[in-house]
Amino acid sequence: MQRIHKHNLVDKSEWDIIIIGGGATGLGTALDAASRGLKTLLVEQADFAKGTSSRSTKLVHGGVRYLAQGDIALVKHALKERGLMQKNAAHLVHKEEFLIPCYDWFSVAKYLIGLKLYDWLAGRFSFGTSKFFSKNETLRIMPGVKEHGLKGAIRYFDGRFDDARLAINLAQTAKEQGATLINYMKVTNLIKNNDQIIGITTIDTINNETFNLYGKVVINATGVFVDEILQMSNAEAKKTVRPSQGVHIVLKKEFLNSDSALMIPKTSDGRVLFAVQWHNHLLVGTTDTPLDEHSLEPRALKEETDFILNTAASYFKTKPTESDILSVFSGLRPLAAPTDGNANSTKEISRDHKLMVSAKGLITITGGKWTTYRRMAEETVNLAIKEAKLPTTACKTVDLPIHGCNESTDHNYLNIYGTDRANIEALTKQRPELAQKLHADFPYTFAEVVWSVKNEMAETVEDILSRRLRVLIIDAKAAIEMSTTVAAIMANETGASKQWEDEQVESFIKLAEGYTYKAKNKKENPVLTE
(Lines give C-alpha, C1' and ligand atoms only; values in the text may rest on other atoms or scores of the structure.)
Protein backbone atom coordinates (compact mmCIF):
# COMPACT_ATOMS: atom_id res chain seq x y z
CA MET A 1 0.00 0.00 0.00
CA GLN A 2 2.15 2.82 -1.26
CA ARG A 3 1.28 6.48 -0.78
CA ILE A 4 -1.21 7.76 -3.34
CA HIS A 5 -0.03 9.85 -6.29
CA LYS A 6 -1.37 13.37 -5.96
CA HIS A 7 -2.96 13.47 -9.40
CA ASN A 8 -5.50 10.96 -8.07
CA LEU A 9 -6.70 13.64 -5.67
CA VAL A 10 -7.30 16.25 -8.35
CA ASP A 11 -10.60 14.65 -9.21
CA LYS A 12 -13.47 16.83 -10.40
CA SER A 13 -16.10 14.47 -9.03
CA GLU A 14 -16.78 14.70 -5.30
CA TRP A 15 -16.33 11.98 -2.71
CA ASP A 16 -19.34 10.41 -1.03
CA ILE A 17 -17.61 10.48 2.35
CA ILE A 18 -14.48 12.30 3.53
CA ILE A 19 -13.09 11.10 6.86
CA ILE A 20 -10.71 13.22 8.94
CA GLY A 21 -8.63 11.08 11.29
CA GLY A 22 -6.67 7.86 10.81
CA GLY A 23 -7.10 6.23 14.20
CA ALA A 24 -9.25 3.23 15.06
CA THR A 25 -12.57 5.00 14.51
CA GLY A 26 -11.62 6.77 11.29
CA LEU A 27 -10.07 3.67 9.74
CA GLY A 28 -13.04 1.55 10.76
CA THR A 29 -15.39 4.11 9.22
CA ALA A 30 -13.38 4.16 5.97
CA LEU A 31 -13.57 0.37 5.76
CA ASP A 32 -17.30 0.30 6.49
CA ALA A 33 -18.08 3.03 3.95
CA ALA A 34 -15.90 1.60 1.18
CA SER A 35 -17.24 -1.92 1.68
CA ARG A 36 -20.74 -0.52 1.08
CA GLY A 37 -19.61 0.85 -2.29
CA LEU A 38 -19.31 4.49 -1.21
CA LYS A 39 -16.55 6.64 -2.71
CA THR A 40 -14.43 7.16 0.39
CA LEU A 41 -11.44 9.35 1.26
CA LEU A 42 -9.58 9.35 4.59
CA VAL A 43 -6.90 11.89 5.52
CA GLU A 44 -4.68 11.74 8.61
CA GLN A 45 -2.48 14.62 9.79
CA ALA A 46 0.38 12.32 10.86
CA ASP A 47 0.78 8.55 10.55
CA PHE A 48 -2.09 6.11 10.94
CA ALA A 49 -2.71 5.48 14.68
CA LYS A 50 -0.04 8.06 15.60
CA GLY A 51 -2.10 9.21 18.58
CA THR A 52 -4.30 7.37 21.05
CA SER A 53 -4.90 4.35 18.82
CA SER A 54 -1.29 3.11 19.14
CA ARG A 55 -1.05 3.79 22.89
CA SER A 56 -3.71 1.52 24.38
CA THR A 57 -3.31 -1.18 27.04
CA LYS A 58 -3.41 -3.70 24.13
CA LEU A 59 -6.65 -5.27 25.39
CA VAL A 60 -9.69 -6.35 23.42
CA HIS A 61 -12.22 -6.50 26.23
CA GLY A 62 -15.76 -6.03 27.38
CA GLY A 63 -14.65 -3.90 30.30
CA VAL A 64 -14.70 -5.55 33.72
CA ARG A 65 -14.56 -2.08 35.27
CA TYR A 66 -17.72 -1.01 33.41
CA LEU A 67 -19.46 -4.14 34.68
CA ALA A 68 -18.67 -3.05 38.24
CA GLN A 69 -20.19 0.35 37.41
CA GLY A 70 -23.39 -1.37 36.26
CA ASP A 71 -23.10 -0.50 32.56
CA ILE A 72 -24.36 -3.90 31.42
CA ALA A 73 -25.37 -2.80 27.90
CA LEU A 74 -21.92 -1.35 27.14
CA VAL A 75 -20.22 -4.53 28.37
CA LYS A 76 -22.51 -6.81 26.37
CA HIS A 77 -21.95 -4.86 23.14
CA ALA A 78 -18.19 -4.81 23.71
CA LEU A 79 -18.04 -8.56 24.37
CA LYS A 80 -19.80 -9.24 21.08
CA GLU A 81 -17.38 -6.94 19.25
CA ARG A 82 -14.47 -8.67 21.00
CA GLY A 83 -15.62 -11.93 19.46
CA LEU A 84 -15.96 -10.39 16.00
CA MET A 85 -12.47 -8.89 16.22
CA GLN A 86 -10.99 -12.26 17.14
CA LYS A 87 -12.76 -13.88 14.19
CA ASN A 88 -11.96 -11.20 11.59
CA ALA A 89 -8.37 -10.46 12.71
CA ALA A 90 -7.30 -13.85 14.00
CA HIS A 91 -3.62 -13.12 13.35
CA LEU A 92 -3.67 -10.16 15.76
CA VAL A 93 -6.39 -10.75 18.36
CA HIS A 94 -5.69 -13.58 20.76
CA LYS A 95 -7.38 -15.02 23.83
CA GLU A 96 -5.55 -14.05 27.01
CA GLU A 97 -5.79 -15.60 30.48
CA PHE A 98 -6.00 -13.01 33.26
CA LEU A 99 -5.48 -13.65 36.96
CA ILE A 100 -6.92 -11.46 39.73
CA PRO A 101 -4.90 -12.25 42.88
CA CYS A 102 -7.05 -12.22 46.02
CA TYR A 103 -5.76 -11.57 49.52
CA ASP A 104 -9.05 -12.04 51.38
CA TRP A 105 -11.95 -14.44 50.94
CA PHE A 106 -14.51 -11.69 50.38
CA SER A 107 -12.60 -10.66 47.24
CA VAL A 108 -12.63 -14.26 46.04
CA ALA A 109 -16.42 -14.42 46.26
CA LYS A 110 -17.01 -10.91 44.85
CA TYR A 111 -14.82 -11.29 41.77
CA LEU A 112 -15.85 -14.84 41.01
CA ILE A 113 -19.54 -13.88 41.00
CA GLY A 114 -18.89 -10.77 38.91
CA LEU A 115 -16.81 -12.62 36.35
CA LYS A 116 -19.35 -15.42 36.04
CA LEU A 117 -21.77 -12.66 34.99
CA TYR A 118 -19.11 -11.41 32.56
CA ASP A 119 -18.91 -14.92 31.04
CA TRP A 120 -22.69 -15.12 30.76
CA LEU A 121 -22.95 -11.73 29.03
CA ALA A 122 -20.45 -12.90 26.39
CA GLY A 123 -22.81 -15.72 25.35
CA ARG A 124 -21.64 -17.46 22.19
CA PHE A 125 -18.74 -15.02 21.97
CA SER A 126 -17.21 -16.31 25.22
CA PHE A 127 -13.42 -16.70 25.36
CA GLY A 128 -13.51 -19.16 28.28
CA THR A 129 -14.91 -19.87 31.74
CA SER A 130 -13.89 -18.03 34.90
CA LYS A 131 -12.79 -20.12 37.89
CA PHE A 132 -10.98 -19.98 41.22
CA PHE A 133 -7.35 -21.09 41.50
CA SER A 134 -5.84 -22.03 44.85
CA LYS A 135 -2.74 -20.28 46.20
CA ASN A 136 -0.47 -23.07 44.96
CA GLU A 137 -2.09 -23.12 41.50
CA THR A 138 -1.77 -19.34 41.28
CA LEU A 139 1.94 -19.37 42.14
CA ARG A 140 2.56 -22.16 39.65
CA ILE A 141 0.95 -20.14 36.84
CA MET A 142 2.36 -16.75 37.93
CA PRO A 143 5.46 -17.18 40.12
CA GLY A 144 6.10 -13.44 40.16
CA VAL A 145 2.96 -12.49 42.09
CA LYS A 146 3.30 -11.50 45.77
CA GLU A 147 2.85 -14.60 47.93
CA HIS A 148 2.31 -13.12 51.40
CA GLY A 149 -1.37 -13.29 52.36
CA LEU A 150 -2.43 -14.73 49.00
CA LYS A 151 -5.64 -16.79 49.18
CA GLY A 152 -5.72 -17.64 45.48
CA ALA A 153 -6.78 -16.00 42.23
CA ILE A 154 -9.76 -15.72 39.92
CA ARG A 155 -8.99 -16.68 36.34
CA TYR A 156 -10.95 -15.08 33.51
CA PHE A 157 -10.41 -14.54 29.79
CA ASP A 158 -10.25 -11.47 27.60
CA GLY A 159 -8.34 -10.55 24.45
CA ARG A 160 -4.91 -9.10 23.66
CA PHE A 161 -3.82 -7.48 20.39
CA ASP A 162 -1.38 -5.16 18.66
CA ASP A 163 -3.25 -1.89 18.20
CA ALA A 164 -1.06 -0.07 15.65
CA ARG A 165 -0.63 -3.16 13.50
CA LEU A 166 -4.39 -3.67 13.41
CA ALA A 167 -4.70 -0.02 12.33
CA ILE A 168 -2.33 -0.64 9.40
CA ASN A 169 -4.26 -3.78 8.43
CA LEU A 170 -7.54 -1.84 8.58
CA ALA A 171 -6.06 0.75 6.23
CA GLN A 172 -4.99 -2.01 3.84
CA THR A 173 -8.44 -3.63 3.99
CA ALA A 174 -10.17 -0.31 3.35
CA LYS A 175 -7.94 0.27 0.32
CA GLU A 176 -8.75 -3.22 -0.97
CA GLN A 177 -12.43 -2.27 -0.68
CA GLY A 178 -11.85 0.84 -2.80
CA ALA A 179 -11.11 3.59 -0.24
CA THR A 180 -8.37 6.18 -0.70
CA LEU A 181 -6.29 6.79 2.43
CA ILE A 182 -3.49 9.34 2.87
CA ASN A 183 -1.29 9.89 5.90
CA TYR A 184 0.59 13.13 6.56
CA MET A 185 -2.30 15.15 5.11
CA LYS A 186 -3.45 17.80 7.58
CA VAL A 187 -6.83 19.52 7.37
CA THR A 188 -6.42 23.28 7.63
CA ASN A 189 -9.99 24.39 6.93
CA LEU A 190 -13.51 23.25 6.14
CA ILE A 191 -15.03 24.41 2.85
CA LYS A 192 -18.54 25.88 3.16
CA ASN A 193 -21.35 26.76 0.85
CA ASN A 194 -23.50 29.05 2.98
CA ASP A 195 -24.06 26.94 6.12
CA GLN A 196 -23.30 23.60 4.45
CA ILE A 197 -19.92 21.88 4.83
CA ILE A 198 -18.97 20.68 1.33
CA GLY A 199 -15.31 19.72 1.67
CA ILE A 200 -11.91 20.22 3.27
CA THR A 201 -8.71 22.14 2.58
CA THR A 202 -5.61 20.06 3.29
CA ILE A 203 -1.86 20.39 3.18
CA ASP A 204 0.47 17.50 2.44
CA THR A 205 2.98 17.94 5.27
CA ILE A 206 5.67 16.00 3.39
CA ASN A 207 5.84 18.24 0.32
CA ASN A 208 3.63 21.20 1.35
CA GLU A 209 1.11 20.80 -1.50
CA THR A 210 -2.38 22.12 -0.76
CA PHE A 211 -5.64 20.55 -1.94
CA ASN A 212 -9.33 21.43 -1.85
CA LEU A 213 -11.31 18.19 -1.64
CA TYR A 214 -15.08 18.01 -1.91
CA GLY A 215 -17.49 15.53 -0.37
CA LYS A 216 -21.18 14.98 0.24
CA VAL A 217 -20.49 14.51 3.95
CA VAL A 218 -17.43 15.02 6.16
CA ILE A 219 -16.73 12.78 9.18
CA ASN A 220 -14.78 14.28 12.08
CA ALA A 221 -13.08 11.26 13.71
CA THR A 222 -10.06 13.03 15.16
CA GLY A 223 -10.17 11.88 18.78
CA VAL A 224 -8.88 14.52 21.17
CA PHE A 225 -8.63 16.94 18.22
CA VAL A 226 -12.38 16.92 17.41
CA ASP A 227 -12.94 20.38 18.84
CA GLU A 228 -10.32 21.91 16.54
CA ILE A 229 -12.28 20.63 13.53
CA LEU A 230 -15.59 21.78 15.05
CA GLN A 231 -14.17 25.27 15.55
CA MET A 232 -13.32 25.40 11.83
CA SER A 233 -17.05 25.06 11.28
CA ASN A 234 -18.09 27.37 14.11
CA ALA A 235 -15.52 29.51 15.89
CA GLU A 236 -17.87 29.74 18.90
CA ALA A 237 -18.34 25.97 19.26
CA LYS A 238 -18.13 24.74 22.85
CA LYS A 239 -15.67 22.01 23.77
CA THR A 240 -17.14 18.54 23.50
CA VAL A 241 -14.24 16.45 24.84
CA ARG A 242 -11.91 16.51 27.81
CA PRO A 243 -8.65 14.58 27.34
CA SER A 244 -7.70 12.03 29.97
CA GLN A 245 -4.14 10.74 29.96
CA GLY A 246 -3.35 7.04 30.24
CA VAL A 247 0.28 6.17 30.97
CA HIS A 248 1.98 2.77 30.63
CA ILE A 249 5.43 1.56 31.61
CA VAL A 250 7.23 -1.40 30.05
CA LEU A 251 9.39 -3.81 32.06
CA LYS A 252 11.22 -7.05 31.41
CA LYS A 253 8.78 -9.98 31.27
CA GLU A 254 10.60 -11.73 34.13
CA PHE A 255 8.86 -9.54 36.70
CA LEU A 256 5.82 -11.82 36.50
CA ASN A 257 7.51 -14.79 34.84
CA SER A 258 4.20 -15.95 33.40
CA ASP A 259 2.38 -16.30 30.10
CA SER A 260 -0.77 -15.02 31.81
CA ALA A 261 -1.72 -11.41 32.45
CA LEU A 262 -2.38 -9.81 35.84
CA MET A 263 -5.40 -7.67 36.64
CA ILE A 264 -5.26 -5.54 39.77
CA PRO A 265 -8.95 -4.90 40.50
CA LYS A 266 -8.74 -1.88 42.78
CA THR A 267 -5.86 0.56 43.07
CA SER A 268 -5.41 3.27 45.68
CA ASP A 269 -7.60 5.63 43.63
CA GLY A 270 -10.30 3.03 42.94
CA ARG A 271 -9.27 2.10 39.39
CA VAL A 272 -7.91 -1.06 37.80
CA LEU A 273 -4.36 -1.78 36.61
CA PHE A 274 -3.16 -4.42 34.14
CA ALA A 275 0.18 -6.15 33.64
CA VAL A 276 0.10 -7.74 30.20
CA GLN A 277 2.71 -9.89 28.44
CA TRP A 278 3.20 -8.17 25.07
CA HIS A 279 5.94 -8.59 22.45
CA ASN A 280 8.07 -10.53 24.95
CA HIS A 281 7.90 -7.71 27.51
CA LEU A 282 5.59 -6.75 30.38
CA LEU A 283 3.34 -3.73 29.81
CA VAL A 284 1.88 -2.21 33.01
CA GLY A 285 -0.83 0.45 33.14
CA THR A 286 -2.82 2.54 32.96
CA THR A 287 -3.49 5.85 34.69
CA ASP A 288 -6.44 8.20 34.23
CA THR A 289 -5.35 11.82 34.61
CA PRO A 290 -7.56 14.69 33.38
CA LEU A 291 -5.72 17.25 31.30
CA ASP A 292 -6.53 20.70 29.94
CA GLU A 293 -4.29 20.39 26.87
CA HIS A 294 -3.66 17.79 24.20
CA SER A 295 -0.88 16.99 21.75
CA LEU A 296 0.34 14.27 19.41
CA GLU A 297 3.16 13.46 21.85
CA PRO A 298 1.83 13.67 25.42
CA ARG A 299 4.35 13.10 28.20
CA ALA A 300 3.85 11.20 31.43
CA LEU A 301 3.96 13.00 34.75
CA LYS A 302 6.33 11.49 37.26
CA GLU A 303 3.45 11.09 39.70
CA GLU A 304 1.80 8.78 37.15
CA THR A 305 4.81 6.51 36.74
CA ASP A 306 5.28 6.52 40.52
CA PHE A 307 1.67 5.42 40.91
CA ILE A 308 2.16 2.51 38.50
CA LEU A 309 5.42 1.42 40.16
CA ASN A 310 3.94 1.65 43.66
CA THR A 311 0.81 -0.29 42.68
CA ALA A 312 2.84 -2.98 40.94
CA ALA A 313 5.10 -3.25 43.97
CA SER A 314 2.08 -4.23 46.08
CA TYR A 315 1.38 -7.24 43.84
CA PHE A 316 4.78 -8.26 42.40
CA LYS A 317 7.19 -10.48 44.34
CA THR A 318 10.07 -8.38 42.97
CA LYS A 319 9.35 -4.67 43.23
CA PRO A 320 10.09 -2.73 40.01
CA THR A 321 12.03 0.52 40.31
CA GLU A 322 12.56 3.53 38.06
CA SER A 323 15.74 1.97 36.65
CA ASP A 324 13.74 -1.06 35.43
CA ILE A 325 11.55 1.01 33.08
CA LEU A 326 12.46 0.24 29.45
CA SER A 327 9.92 2.61 27.94
CA VAL A 328 7.08 4.83 29.09
CA PHE A 329 4.32 6.04 26.80
CA SER A 330 1.18 8.12 27.12
CA GLY A 331 -2.12 8.18 25.27
CA LEU A 332 -5.00 10.63 25.46
CA ARG A 333 -8.58 9.40 25.66
CA PRO A 334 -11.17 11.72 24.10
CA LEU A 335 -13.78 11.57 26.84
CA ALA A 336 -17.05 13.45 26.63
CA ALA A 337 -16.63 16.71 28.53
CA PRO A 338 -18.19 16.68 32.02
CA THR A 339 -21.24 18.81 32.63
CA ASP A 340 -21.57 18.46 36.41
CA GLY A 341 -18.97 21.10 37.21
CA ASN A 342 -16.46 18.54 38.49
CA ALA A 343 -13.91 18.93 35.71
CA ASN A 344 -11.39 16.60 37.33
CA SER A 345 -13.64 13.57 37.72
CA THR A 346 -12.76 11.22 34.88
CA LYS A 347 -14.83 8.55 36.60
CA GLU A 348 -17.93 10.55 35.71
CA ILE A 349 -17.00 11.01 32.05
CA SER A 350 -18.64 8.64 29.59
CA ARG A 351 -16.53 5.79 28.19
CA ASP A 352 -19.14 5.15 25.52
CA HIS A 353 -18.98 6.92 22.18
CA LYS A 354 -20.90 9.97 21.09
CA LEU A 355 -22.18 10.51 17.54
CA MET A 356 -23.68 13.79 16.40
CA VAL A 357 -24.44 15.99 13.41
CA SER A 358 -22.29 19.03 14.19
CA ALA A 359 -23.37 21.10 11.18
CA LYS A 360 -24.94 20.46 7.81
CA GLY A 361 -22.58 18.07 6.08
CA LEU A 362 -20.41 17.49 9.18
CA ILE A 363 -20.70 14.48 11.49
CA THR A 364 -18.58 14.04 14.63
CA ILE A 365 -17.81 10.70 16.28
CA THR A 366 -15.80 10.59 19.50
CA GLY A 367 -15.23 8.48 22.60
CA GLY A 368 -15.47 4.71 22.64
CA LYS A 369 -12.56 2.29 22.61
CA TRP A 370 -10.68 0.00 20.25
CA THR A 371 -12.89 -3.00 21.01
CA THR A 372 -16.01 -1.25 19.73
CA TYR A 373 -14.44 0.48 16.70
CA ARG A 374 -16.44 -1.61 14.19
CA ARG A 375 -19.81 -0.88 15.77
CA MET A 376 -18.97 2.83 16.05
CA ALA A 377 -18.04 2.86 12.37
CA GLU A 378 -21.29 1.14 11.39
CA GLU A 379 -23.37 3.70 13.28
CA THR A 380 -21.34 6.57 11.80
CA VAL A 381 -21.80 5.41 8.21
CA ASN A 382 -25.51 4.77 8.81
CA LEU A 383 -25.89 8.39 9.96
CA ALA A 384 -23.79 9.68 7.04
CA ILE A 385 -25.98 7.83 4.55
CA LYS A 386 -29.08 9.35 6.13
CA GLU A 387 -27.71 12.90 6.32
CA ALA A 388 -26.20 13.00 2.82
CA LYS A 389 -28.97 10.92 1.22
CA LEU A 390 -26.45 8.38 -0.06
CA PRO A 391 -27.47 4.99 -1.48
CA THR A 392 -28.68 2.82 1.38
CA THR A 393 -26.63 -0.36 1.69
CA ALA A 394 -26.36 -2.76 4.63
CA CYS A 395 -23.18 -2.92 6.70
CA LYS A 396 -20.74 -5.61 5.51
CA THR A 397 -18.09 -5.59 8.25
CA VAL A 398 -19.56 -8.16 10.66
CA ASP A 399 -18.14 -10.97 8.53
CA LEU A 400 -15.42 -9.11 6.62
CA PRO A 401 -11.90 -10.48 7.28
CA ILE A 402 -9.21 -7.89 8.01
CA HIS A 403 -6.12 -7.89 5.76
CA GLY A 404 -3.76 -10.65 6.91
CA CYS A 405 -6.37 -12.68 8.79
CA ASN A 406 -5.32 -16.27 9.26
CA GLU A 407 -4.78 -18.88 11.98
CA SER A 408 -1.09 -19.63 12.53
CA THR A 409 0.12 -23.10 13.45
CA ASP A 410 3.55 -22.17 14.85
CA HIS A 411 5.04 -19.46 17.07
CA ASN A 412 7.06 -17.52 14.50
CA TYR A 413 7.04 -13.82 15.39
CA LEU A 414 6.25 -13.01 11.73
CA ASN A 415 2.75 -14.39 12.32
CA ILE A 416 1.76 -10.88 13.38
CA TYR A 417 1.77 -10.08 9.64
CA GLY A 418 -0.77 -12.85 9.02
CA THR A 419 -0.89 -13.84 5.36
CA ASP A 420 1.80 -11.24 4.57
CA ARG A 421 4.34 -13.38 6.44
CA ALA A 422 4.86 -15.41 3.26
CA ASN A 423 5.56 -12.23 1.28
CA ILE A 424 8.19 -11.07 3.77
CA GLU A 425 9.84 -14.49 3.73
CA ALA A 426 9.81 -14.43 -0.08
CA LEU A 427 11.45 -10.99 -0.02
CA THR A 428 14.23 -12.38 2.16
CA LYS A 429 14.83 -15.23 -0.28
CA GLN A 430 14.99 -12.80 -3.21
CA ARG A 431 17.37 -10.48 -1.36
CA PRO A 432 19.29 -12.53 1.25
CA GLU A 433 20.99 -9.43 2.65
CA LEU A 434 17.60 -8.39 4.06
CA ALA A 435 17.69 -11.32 6.50
CA GLN A 436 20.02 -9.29 8.75
CA LYS A 437 18.66 -8.38 12.16
CA LEU A 438 18.21 -4.73 13.10
CA HIS A 439 19.34 -5.35 16.69
CA ALA A 440 20.88 -8.26 18.55
CA ASP A 441 18.13 -8.30 21.19
CA PHE A 442 15.17 -8.30 18.77
CA PRO A 443 14.09 -10.62 15.93
CA TYR A 444 13.20 -7.82 13.48
CA THR A 445 14.99 -7.82 10.13
CA PHE A 446 15.89 -5.45 7.30
CA ALA A 447 13.18 -7.14 5.21
CA GLU A 448 10.43 -5.86 7.51
CA VAL A 449 11.58 -2.27 7.03
CA VAL A 450 11.56 -2.70 3.25
CA TRP A 451 8.12 -4.34 3.42
CA SER A 452 6.68 -1.49 5.49
CA VAL A 453 8.05 1.16 3.15
CA LYS A 454 6.71 -0.55 0.05
CA ASN A 455 3.40 -1.91 1.38
CA GLU A 456 2.40 -0.14 4.61
CA MET A 457 2.87 3.57 3.84
CA ALA A 458 5.71 4.04 6.33
CA GLU A 459 7.21 7.47 5.64
CA THR A 460 9.55 8.08 8.57
CA VAL A 461 11.88 6.23 10.93
CA GLU A 462 9.32 6.87 13.65
CA ASP A 463 6.61 5.15 11.59
CA ILE A 464 8.79 2.04 11.43
CA LEU A 465 10.11 1.90 14.99
CA SER A 466 6.97 3.10 16.77
CA ARG A 467 4.01 1.70 14.82
CA ARG A 468 5.26 -0.99 12.39
CA LEU A 469 7.75 -2.80 14.64
CA ARG A 470 6.71 -1.34 18.06
CA VAL A 471 10.28 -1.12 19.38
CA LEU A 472 9.92 2.46 20.65
CA ILE A 473 6.93 1.41 22.75
CA ILE A 474 8.75 -1.50 24.43
CA ASP A 475 12.41 -0.44 24.63
CA ALA A 476 13.22 3.18 23.82
CA LYS A 477 17.00 2.76 24.13
CA ALA A 478 17.01 -0.15 21.66
CA ALA A 479 14.86 1.89 19.26
CA ILE A 480 17.43 4.70 19.34
CA GLU A 481 20.18 2.16 18.60
CA MET A 482 18.23 0.89 15.56
CA SER A 483 17.39 4.30 14.13
CA THR A 484 20.52 4.85 12.01
CA THR A 485 20.18 1.43 10.35
CA VAL A 486 16.47 1.91 9.70
CA ALA A 487 17.05 5.34 8.14
CA ALA A 488 19.71 3.92 5.84
CA ILE A 489 17.46 1.08 4.68
CA MET A 490 14.58 3.48 4.03
CA ALA A 491 16.80 5.89 2.11
CA ASN A 492 18.15 3.05 0.00
CA GLU A 493 14.62 1.95 -0.91
CA THR A 494 13.24 5.42 -1.64
CA GLY A 495 16.30 7.16 -3.06
CA ALA A 496 16.29 9.74 -0.25
CA SER A 497 19.39 11.81 0.39
CA LYS A 498 21.98 11.47 3.15
CA GLN A 499 20.62 14.73 4.53
CA TRP A 500 17.17 13.08 4.84
CA GLU A 501 18.76 10.17 6.71
CA ASP A 502 20.56 12.44 9.15
CA GLU A 503 17.48 14.57 9.77
CA GLN A 504 15.35 11.47 10.36
CA VAL A 505 17.78 10.04 12.89
CA GLU A 506 18.13 13.35 14.72
CA SER A 507 14.36 13.82 14.83
CA PHE A 508 13.73 10.28 16.00
CA ILE A 509 16.32 10.37 18.78
CA LYS A 510 14.81 13.59 20.11
CA LEU A 511 11.36 11.96 20.07
CA ALA A 512 12.54 8.67 21.59
CA GLU A 513 14.23 10.39 24.51
CA GLY A 514 10.71 11.31 25.65
CA TYR A 515 10.01 7.57 26.07
CA THR A 516 13.05 6.95 28.26
CA TYR A 517 12.66 7.41 31.99
CA LYS A 518 14.68 10.25 33.47
CA ALA A 519 13.56 11.29 36.91
CA LYS A 520 13.72 14.97 37.86
CA ASN A 521 13.60 16.67 41.19
CA LYS A 522 10.03 16.41 42.45
CA LYS A 523 10.11 20.04 43.57
CA GLU A 524 10.24 21.04 39.91
CA ASN A 525 6.83 19.53 39.13
CA PRO A 526 8.71 16.75 37.32
CA VAL A 527 7.78 15.24 34.00
CA LEU A 528 9.49 12.81 31.73
CA THR A 529 12.01 14.61 29.59
CA GLU A 530 11.29 15.53 26.02
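**View 1. Salt bridges between Lys 50, Glu 297 and Arg 55.** The count comes to 33 salt bridges, where a salt bridge is a side-chain nitrogen of Lys or Arg within 4 Å of a carboxyl oxygen of Asp or Glu. The model is predicted, so that local features require a pLDDT of at least 70 and side-chain atom pairs count only at pLDDT 80 or more, while totals for chains, interfaces and linings use all residues. Residues are numbered from 1 along each chain as its sequence is written, and side-chain values use heavy atoms, with hydrogens and water left out. In this view, the side chains of Lys 50 and Glu 297 meet in a salt bridge at 2.6 Å, N to O. The pair links distant parts of the chain, 247 residues apart: Lys 50 is in the loop between β2 (40-43) and β3, and Glu 297 is in the loop between β15 (289-290) and α8 (302-313). Helices (H or I, at least four residues) and strands (E, at least two) are DSSP runs, numbered from the N terminus. Glu 297 also forms a salt bridge with Arg 55, with the closest N and O atoms 3.0 Å apart. This second pair again links distant parts of the chain, 242 residues apart, with Arg 55 in the loop between β2 and β3. Both Lys 50 and Glu 297 are buried, and Arg 55 is buried as well; buried means under 20% relative accessible area, exposed over 50%, and partly exposed in between (1.4 Å probe, protein chains only).

**View 2. The salt bridge between Lys 87 and Asp 399.** The closest N and O atoms of this pair are 2.7 Å apart. Lys 87 counts as partly exposed because its relative accessibility is 40%. Asp 399 counts as exposed because its relative accessibility is 56%. Elsewhere, salt bridges that share partners join Asp 47, Lys 50, Arg 55, Glu 297, Arg 299, Glu 462, Asp 463, Arg 467 and Arg 468 into one network.

**View 3. Strand β6 and its partner strands.** Strand β6 covers residues 152-160, and eight of its nine residues are buried. Two strands pair if DSSP finds at least two bridges between them. Strand β3 (residues 59-60) pairs with β6 in the antiparallel sense over two bridges, and Leu 59 stands opposite Arg 160. Strand β4 (residues 94-102) is joined to β6 by nine bridges, also antiparallel; here His 94 stands opposite Arg 160. Strand β5 (residues 131-134) runs antiparallel to β6 and is joined to it by four bridges. The bridge partner of Ser 134 in β6 is Gly 152.

**View 4. Strand β16 beside strand β11.** Strand β16 (residues 327-336) is mostly covered, with nine of its ten residues buried. Strand β11 (residues 241-252) runs antiparallel to β16, and ten bridges join the two. Val 247 stands opposite Ser 330 in β16. In a regular strand the side chains alternate between the two faces of the sheet.

**View 5. Helix α11 and the helices that surround its buried residues.** Helix α11 (residues 446-455) is largely enclosed by the rest of the structure, because eight of its ten residues are buried. Among these buried residues are Phe 446, Glu 448, Trp 451 and Ser 452. The buried residues of α11 pack against α6, α10 (421-430), α12 (461-468) and α14 (476-494). The helix is followed by Met 457, whose phi is positive, near 55 degrees.

**View 6. Ser 35 in helix α1.** Helix α1 covers residues 24-35. Ser 35 is buried because its relative accessible area is 10%. A polar atom of the Ser 35 side chain lies 2.8 Å from the backbone oxygen of Asp 32. Leaving aside neighbours within four places in sequence, Ser 35 is in contact (heavy atoms within 4.5 Å) with Gln 177, Lys 396, Thr 397 and Leu 400.

Terms used: Polar contact = N/O pair within 3.5 Å; in protein donor to acceptor, adjacent residues only side chain to side chain.
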